[in-house]
Every structure is written in structure tokens, then in C-alpha cells.
Amino acid sequence: MTSPKSGPPKALLIGVVTVLVGGAVAGAFFLGRRSGQSGDGGGTVTNLLGGERKGPPSAGAGVEGLPEPAMTALEVPGTAAPSALWVDVHHPGKVRDALAANVWLRDQLQKPLGQGFIGAWAAFFGSTGEDLRAGFKGAVLDLFAGQLLDAPFRVTWFAGDARSSTPAFILPKPGRAATSAYEALDGVASRGGMTAPHCPGGGSEGTFEMKRWLVAEQTLWAGRLKDRLVLARHPVAVLHGLCAELPELKAKDGVDVELGYDAEAYGREVQLLSSVVGLAPGTRLQFGVEAGRLVGRGIAGELLDGPARLDAAPLSDDLLKLVPEDTPVLLAFQLKLPESLDPETLKAYWAKGGGKGPTRTRQVALVWTPRGDARLPVELAVLWGRTDDAAALEGLFSGGYNRLVRGTHCNHVVLASNDAELERLRKACAGQQPNMLNAAGPVVAGLRAPTSVAFGVNTGRLLSGLTMDGYLSEFRVSRNAPMPSATPPEIEAARSDLESLPYLGLRGTVQGDSLVPGGFGS
């Protein structure tokens with residue numbers, strides 16, 4: 001085993017951020033529904049920010065001078081792309097109503113933070129049937145939220161190049177309302193498109209059409225089969241969505257949104273972690289909607305066949321004391337490992353038919369500060385709950401791309417990506433800065449509950465840090481642009497608003513051959 005090259009399983013973080021930020025974006029769209037119709041034909045359209053957009057009606061059907069729509073051939077990818085990450089929205093109406101009732105989101109729509117989320121898509125979704133000279137009334141958003149995406153749907157990211165990795169919205173088994181909405185928009189916004197004779201990788205043959213919809217100078221691609229509708233920003237993503245296997249979308253009571261991922265699509269680190277922990281494909285992060293906000297329901301999934309690799313126990317106070325309170329991402333496990341951690345014993349333990357011999361439960365945690373700029377140093381640490389394993393860990397985590405610095409604090413071996421990260425953990429352990437024992441009471445109680453896998457995201461700290469990194473990255477790109485001496489007020493205001501967001505916690509506890517989900521948060 002070598003030192004980690006790219007940190008903990010990014011699939012989990014990407015997924016949670018997708019749910020949180022995607023929920024904010026969707027909330028901005030839903031909250032911005034038109035409060036009235038624009039029937040004067042003069043081009044004044046209430047947009048999603050509650051302001052007004054001046055000018056002529058949006059580009060659509062009936063605009064003179066546009067060429068006749070034409071279909072061209074799409075270069076079909078030579079290989080099929082698996083779904084790397086997906087979000088299933090089981091109860092769109094419930095999620096939409098909760099977002100509409102969320103006071104924080106409503107307030108952000110009037111600020112630069114909300115305006116930045118929406119961007120140019122405000123004009124797309126704020127355009128009306130009257131603007132487009134279409135047969136439907138109201139905003140395009142009403143058509144999407146009220147008909148097209150009012151039944152369970154999946155948002156998926158396909159592995160592969162940038163063309164296929166843009167998210168695709170897949171609506172399985174569309175009913176009459178969804179089909180009518182699709183046809184209504186296609187009738188006025190279609191500007192040609194592309195065709196493919198078969199699926200990527202030489203799969204199913206036929207004629208696959210990807211329609212190009214153009215509204216308010218924004219392009220959306222759409223495709224339709226008998227068993228699904230697909231929308232995406234790129235035609236290749238639509239083609240993958242038309243060809244992908246799509247399971248039935250269903251969830252237990254109380255679960256409104258689920259996130260799943262394919263470990264095979266995320267490289268060696270995630271594959272190795274899933275194997276070591278013993279998680280079978282199909283592990284899901286589950287979320288619910290309560291009182292206008294997203295809450296964690298837990299981690300659900302099946303375990304791999306063979307001896308259990310996970311135990312159930314509370315996270316120790318020593319660990320909670322070691323983790324800084326403002327840590328954006330915490331991932332912790334109760335791992336069953338052999339008494340000896342020498343390479344040959346571990347190899348035999350993880351081999352097929354292994355898992356024999358005496359074991360000991362180790363509490364292992366990853367703390368991670370994701371950065372919004374790839375040029376910034378990795379901020380990651382592994383916390384190992386048994387100090388008598390220090391010598392074995394020296395060999396297991398030697399070599400590799402990154403050099404890890406080591407220390408022993410709060411009865412844990414600490415393997416950190418750099419000296420600054422190690423010092424941050426030392427200060428938390430020494431009480432020189434707040435640690436997780438100083439977090440909100442429900443968060444501490446949730447982490448102290450018996451668990452096998454615990455995943456905590458400080459959403460405020462995470463999104464605030466990524467916002468600042470994104471702002472500063474613009475100056476790092478240009479060698480001629482000096483770094484600013486002060487942060488603009490709107491950036492500071494956005495960060496302050498983001499930092500008010502709650503802590504989101506999920507856990508899964510081994511019971512038989514599966515994980516029993518549980519959630520917690522502030």
C-alpha cells in the first residue's frame with residue numbers, strides 16, 4: 001500500500017456536494033417561478049431572480065431568418081461509458097415544495113451568491129410560452145417542474161471524456177404529461193440536432209436522435225425513446241442516457257433523494273477502499289426532506305460475500321478531540337483487520353476465501369479539506385486508532401507519489417499530507433482550537449452512536465472554502481494579475497451566508513449482510 005495520490009473516495013464528496021449545490025440551484029429555479037404572465041408582447045419578462053429582463057422576446061419558433069433545422073451525424077464513441085455517479089430524485093414534488101419554502105434559498109436569490117448560481121440559465125427557464133410563440137402558457141420552468149420532471153428521475157454522470165461526463169437527466173417511463181411537455185418545447189425550440197446509428201461501443205442499433213433546443217441563446221440537448229426521456233448539455237451525454245441500463249427508481253419511506261456511485265469508475269484508491277471495507281456495488285447515500293431542508297437518512301447497501309470487514313462501535317472521544325471542528329469532510333470506519341498487519345497476513349486476509357484467523361477492530365478516519373483549485377496542495381490526513389500499529393503503518397504507507405508526515409496525537413497515529421495539516425490536528429488535540437467535541441450537540445451525539453461507516457460534511461465550511469478558492473484561482477491563472485490585497489465584499493458576504501449552512505451526517509451500521517442507515521446533523 002502506498003501513500004494516497006488523490007485523497008479519499010471523491011465519489012462520496014462529489015455526490016454530496018452535487019446534492020447540496022444541485023439542490024440550491026434547483027431551488028433557485030423553482031423559487032423563481034413567475035408570479036404573473038407577460039402578455040404585452042413588449043419583451044418584459046420576470047426572470048428567476050425576481051427582477052426584469054428587458055428586450056425582445058426570447059429566441060424561439062417563428063423567428064424569421066433562421067435556417068431550416070437540420071440533422072447531422074454524430075461521431076459515436078467507440079466504447080460505452082458506465083454511470084460513474086447518479087442522483088435519484090424519488091419525490092420531485094416534495095423536494096420542489098421544500099425548496100420553495102426554504103427561507104435561506106429565497107433570500108440568496110436576491111444576492112450575488114444566488115445570481116451566480118443561476119447565471120445565464122435564468123433567461124432559459126424564465127422564457128414563457130408567449131415569448132416562444134408556443135402552445136403552452138407560463139414559464140419554461142413551469143413546464144419542466146410541473147410536467148417534464150414531476151415524476152421520479154435520475155441525474156447521472158457518465159465516466160469518460162468531458163463530452164459524456166456532463167450530467168444527463170433521465171426520466172424513465174414518461175407519462176402523458178411528460179411526453180406532452182417534451183413535445184411542446186421540442187415544437188418551438190428545436191434547432192436541428194444529431195443522429196446516431198447505434199449505441200456507443202457498437203451496442204443496440206437503430207436511429208437515435210438528439211434534438212438541439214435553443215432558448216435565450218442557451219442550448220439543451222434532448223432525446224426520447226418509448227421508455228425514457230433524456231436531457232443534457234452535450235449530445236454524447238444524451239446518447240449514453242438513451243442507451244444506459246436503467247433500474248426501477250424506488251426507495252423506502254422517508255427517502256426522497258439517493259446518491260449512488262460505481263467504484264470501478266473512480267480509480268484504484270476508491271476501488272481499494274470499497275474492497276477493504278467490504279462494500280458491494282450499489283451502496284447509496286440517502287437523504288430526506290424535512291421542514292424545507294435536506295437531511296441525512298444514512299448509508300445503505302449490501303456487503304461483499306465472505307467474512308465481515310466492518311464492526312460496529314461509537315467513534316471514540318480521542319478521535320473526536322483530534323478532528324478540528326471546521327474540518328469539511330470526515331469519513332470514519334470500524335475495520336476488522338488481522339492481529340498482525342504484515343503484508344503477507346493482510347494479503348491472505350483480503351484474498352478470496354480469506355478473512356480467517358484472529359482479528360482486531362481498528363478505528364480509522366480520513367479528514368479532508370477539498371480545494372477548489374488543483375494547483376493547491378492536498379490537505380488530507382489518515383487517523384489510525386491503535387498506536388501499537390505505528391511500525392506496521394510505516395511500511396504500509398511508504399513510497400508513493402506524496403510523502404506523508406507522521407505524528408502521534410490523542411492516542412492515534414496521524415499520517416498527514418503536509419506539516420501544516422499535522423499541526424492543525426495537533427492543535428485540535430491539545431485544545432488550542434475547537435475540535436469535534438465542541439460541535440453542535442446533535443452532531444456529537446450522532447458521531448458517538450454505534451456505527452460501522454460514518455460520513456460527515458461541514459457544508460458551510462466546505463462551500464465557503466471552495467468559493468474562496470474559485471475566486472482566487474482566477475488570479476492564479478493569469479501571471480500578470482497580482483493577488484488581491486483584500487477580498488471583495490460580495491465574496492465575503494457569500495462566504496458568510498454559506499457558513500451558516502448545517503452539518504450533514506450519514507452513517508451505516510452492519511447488521512447481517514447489509515448496512516442499516518442512520519442520519520444526524522446540526
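How many disulfides does a search of the whole structure find? The search finds two, where a disulfide is taken as a pair of cysteine sulfur atoms within 2.5 Å. This is a predicted model, in which local features need pLDDT of at least 70 and side-chain atom pairs count only at pLDDT 80 or more, while totals for chains, interfaces and linings use all residues. Residues are numbered from 1 along each chain as its sequence is written, and side-chain values use heavy atoms, with hydrogens and water left out.

Cys 199 lies in the loop between E7 and strand E8 (205-215) and Cys 243 in helix H10 (residues 235-243), so the pair ties together parts that are 44 residues apart in sequence; helices (H or I, at least four residues) and strands (E, at least two) are DSSP runs, numbered from the N terminus. Cys 199 is buried at a relative accessible area of 6%, whereas Cys 243, at 25%, is partly exposed (buried means under 20% relative accessible area, exposed over 50%, partly exposed in between, with a 1.4 Å probe and protein chains only).

The sulfur atoms of Cys 410 and Cys 429 are 2.0 Å apart in a disulfide, which is right-handed, with 110° about the S-S bond. Both of these cysteines, Cys 410 and Cys 429, are buried.

Strand E7 spans residues 190-198 and includes Ser 190, which counts as buried at 15% relative accessibility.
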